[in-house]
Amino acid sequence: LEHMRDALQQQFDAQRALIERLRGMAETVPGVVYQLRLDEGVGHKLPAGTQLLAQLHLLNSSDKDIKQQVEIRMHRSASANPTPVSTWAIGSSEINIAPKQPGRAQNVCRVLGDVNLVAAFPHMHMIGTRLEVEVGRSVDAMRRLYLRDPYDFDDQHMEALKLSLHDGDMVRVTCDYMNTYDAAAQFGESSHDEMCFFIGFAIGDPPLADCPHLWENVLTKLF
């Protein structure tokens with residue numbers, strides 16, 4: 001039994017070492033996305049019969065066909081009844097960056113109910129350089145809540161975290177850009193357009209924040 005225990009422990013240690021090596025690869029190899037593992041007490045609840053739609057936004061900038069595979073892996077929660085999470089987001093659609101110039105998009109949103117985030121995904125496109133989120137009870141008394149600096153379009157990983165927002169909080173999202181194009185960069189779906197979003201998974205199903213101009217522009221321009 002001791003021999004079996006030692007053998008199993010060696011196998012376990014080898015598997016842990018492999019996992020750590022794969023994590024390092026995922027952080028450095030282009031096209032490999034680091035896995036997001038939420039705490040065991042929370043997760044996405046998928047009732048039997050649920051249909052999942054995977055949508056990919058791809059941009060082939062070459063003159064040749066590209067064939068690749070994309071894989072989505074999910075794991076079951078060990079909890080008997082995990083607390084469900086849902087998507088929550090803030091951002092700005094008022095983007096107009098002059099050619100060959102740095103620029104900024106910014107919006108101040110009002111939180112419409114308590115929000116407890118367990119993961120975050122800052123999202124811009126190819127000329128985004130920095131994204132910051134600040135929070136306060138007023139725009140004159142804000143503190144930094146989140147920062148990704150530098151922002152890298154080729155490393156858009158989602159990270160596990162714990163952030164709490166409260167009903168009535170004011171949240172400012174700021175996106176910085178360096179426009180290397182010969183034309184102005186504006187809000188749009190193409191990778192050569194730009195976006196400014198702070199997206200997260202929130203416990204429960206809190207209402208979306210009140211972000212001036214954001215949701216009406218999203219519905220008008222993207223759908």
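Which cysteine forms a disulfide with Cys175? It is Cys196, and the two sulfur atoms sit 2.0 Å apart, where a disulfide is a pair of cysteine sulfur atoms within 2.5 Å. The torsion about this S-S bond is about 85°, so the link is right-handed. The pair ties together distant parts of the chain, 21 residues apart: Cys175 lies in strand S9 (residues 170–178), Cys196 in the loop between S10 (185–186) and S11. Both Cys175 and Cys196 are buried, meaning under 20% relative accessible area with a 1.4 Å probe, protein chains only.

This is a predicted model, with local features needing pLDDT of at least 70 and side-chain atom pairs pLDDT 80 or more, while totals for chains, interfaces and linings use all residues. Residues are numbered from 1 along each chain as its sequence is written, and side-chain values use heavy atoms, leaving out hydrogens and water.

The structure has 2 disulfides. Cys109 and Cys211 make up a pair with an S to S distance of 2.1 Å, right-handed as well, at 115° about the bond. Cys109 belongs to strand S4 (residues 102–110) and Cys211 to the loop between S11 (197–203) and helix H2 (214–222), 102 residues apart. Cys109 and Cys211 are buried too. Counting bonded cysteines along the chain, the pattern reads 1-4, 2-3.

As for the fold, the protein chain carries 2 helices and 11 strands, taken as DSSP runs numbered from the N terminus (helices H or I, at least four residues; strands E, at least two). Their order from the N terminus is α-β-β-β-β-β-β-β-β-β-β-β-α. Of the 223 residues, 36% are buried.

How values were computed. Buried < 20%, exposed > 50% of the residue type's maximum accessible area, 1.4 Å probe, protein only.
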